[in-house]
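Let's take a walk through this protein, one piece at a time. Have the sequence and the 3D view ready.

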Amino acid sequence: MSLHFDNSYARQLPHACVSWPPSPSPRPRELFWNPWLADSLSAEFQQWDQARREAVFGGVEVPEGAQPVAQAYAGHQFGGFSAQLGDGRALLLGELIDRLGQRVDIALKGSGRTPFARGGDGKAAVGPMLREVLISESLHAMGIPSTRALAVVASGEWVSRERALPGAILTRVAHSHLRVGTFEYFAAREDLQGLQRLLDYTVQRHPPDAALQDRAQGDTALALLMSVVQRQAQLVAQWMGVGFIHGVMNTDNMSLSGQSIDFGPCAFMEAHDPATVYSSIDHHGRYAYGRQPAMAQWNLARLAEALLPLMVGDEAHRLDAARAAVQAFSTVFEEAMAQVWRCKLGWPAADRLEPAAASELAKAWQALLQAHRVDHTLGWRGLLDVVQARPQRLFDRFGAGARAASEWVDRWQAQARSSGFVIDAELLERSNPFVIARNHQVEAALASASDEGDLRAFRDLLDAVRRPWSEDEALQPYGEPAPPDVAASHRTFCGT
Ligand code: AMP
Ligand code: MG
């Protein structure tokens, strides 16, 4: 038996990739394996022992049926355009149809230089690859669309960064690796035929829903643009709800499927502040927490530009339609955000509730969290303390702002009463995580794994982030923010 690869990307878009083999790891050793994810992909994985996994996911052996390719893409990085980026250190091994009939990409990251590597070494270090595991599993556990990690295999060689670090290969499962930058690649070359084939492929892989197709009136490029606007609005709204900061929302890191992808200097915000930036390379706060919706919209404008030549009608008409689709992001995002807030406020879904009321109340709460530097996660989670009749635990987090917090809580409860419903404690609980991947804990776990080869802290933290809603005794240490001095100095580096 073997895995049933079906490599539609390599087959249908040969002009958008280069066949390329992985560089074999000299001494592959498995650091992480995701048996549940594997099982959802194929029963075949149950037959694979660790040695087999180390060979395949360490780049030593290409599994039967796989056809590794490096994908081409361009991208706007921090606002500046690069006409050629591409998989410099990643390979799409191929696609599997998972047990639900869904097509997914299986890709390696850190598997050696490719023709797109430019000056890079094609490698990845253990720390950043395990970071991707923690962050993506955390998002996934919270129900936020994300690519997933199937395996991490240490390569047994050193990679040269600020200092020498142990190398690793991550295996990633994604609905696809089609990015805004993939369209930009062909648009920049004015390759209309290539662009059209990419469009055909993308809508086959990620079809716009029927309502959008109707609204686009047979304009496939417009329908795709509108559907990516919706997916991204929903995704970013969910990030905002849990305080997630992607950190490097370049157009090459924005997926057309609507999954979170490419975890570099990402982190969950602690003390609530829209200006929060953790990335050491984001000097101007371009991708700060509060700027993420605007940056998503900016990226979508780049997608619109790339799609313009394929749109229907004369130029003025196409420009109007593209502009309207990108502008619609604001409304779609506000609606998606209002839904997120409603859940975080524990308000059951009901027609008579004004979304604007949820947004207004939520914004007032966030303003209080910001004014009193309250932890985003615990500030929201604390609403559960209120319904569990121990509000003081929450108010204590506000210091001098305790009274303002208590007044807000009165408004929140009064609003529920006047609308004739009861705040839904269960909804509150599963919309406001207790456990997130906290920066100081992520750093500590990665340092032990990378410097000492000790995976215990990583595994414990992974177990914890997979149970975001629980406040079990064992999870208490994971709910605590970093001491203020540690939090203030936290930076994540892009030297990934
Ligand atoms: P990222 O910042 O991971 O989204 O990567 C941006 C671009 O740089 C992509 O084209 C990557 O393939 C490329 N890249 C990043 N790191 C390396 C590396 N170590 N070797 C080769 N290419 C790299
Ligand atoms: Mg990237």
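## E30 and its contacts

Skipping neighbours within four places in sequence, E30 is in contact with Q50, R53, E54, V152 and V153 (contact means heavy atoms within 4.5 Å).

E30 sits in strand β2, residues 29-33. Helices (H or I, at least four residues) and strands (E, at least two) are DSSP runs, numbered from the N terminus. Is E30 buried or exposed? E30 has a relative accessible area of 12%, so E30 is buried. The cut-offs: buried means under 20% relative accessible area, exposed over 50%, and partly exposed in between, using a 1.4 Å probe and protein chains only.

## Where the numbers come from

This is a predicted model, where local features need pLDDT of at least 70, side-chain atom pairs count only at pLDDT 80 or more, and totals for chains, interfaces and linings use all residues. Residues are numbered from 1 along each chain as its sequence is written, chains are lettered from A and ligands numbered from 1 in the order in which they are written, and side-chain values use heavy atoms, leaving out hydrogens and water.

## Strand β9 and its partners

Now find β9, residues 164-174: 10 of its 11 residues are buried. Strand β8 (residues 148-160) pairs with β9 in the antiparallel sense over 9 bridges; two strands pair if DSSP finds at least two bridges between them. A hairpin with 3 residues joins β8 to β9, and S160 has A164 of β9 as its bridge partner.

Strand β7 (residues 103-109) also pairs with β9 in the antiparallel sense, over 5 bridges. Here A107 is bridged to R172 in β9. Keep R172 in mind, as it comes back below.

The chain is assigned domain 1 (8-177) and domain 2 (181-341), with bounds that come from an automatic or database domain assignment. The contact takes 41 residues from domain 1 and 40 residues from domain 2. Between the two domains, about 3400 Å² is buried, and carbon and sulfur atoms give 58% of that. Buried area is the accessible area (1.4 Å probe) that two parts lose on being put together, summed over both. In domain 1, H15, H76 and F78 lose the most area to domain 2, together 20% of what that side buries.

How many salt bridges cross the interface of domain 1 and domain 2? There are 3, a salt bridge being a side-chain nitrogen of Lys or Arg within 4 Å of a carboxyl oxygen of Asp or Glu. R172 forms a salt bridge with D262, with the closest N and O atoms 2.7 Å apart. Among the elements that each supply at least two residues of the side of domain 1 touching domain 2 are β7 and β9, while α4 gives the largest share, 6 residues.

## V229 in helix α8

Last stop: V229, in helix α8 (residues 220-242). V229 counts as buried because its relative accessibility is 2%. Leaving aside neighbours within four places in sequence, V229 is in contact with L300, A325, A328 and F329.
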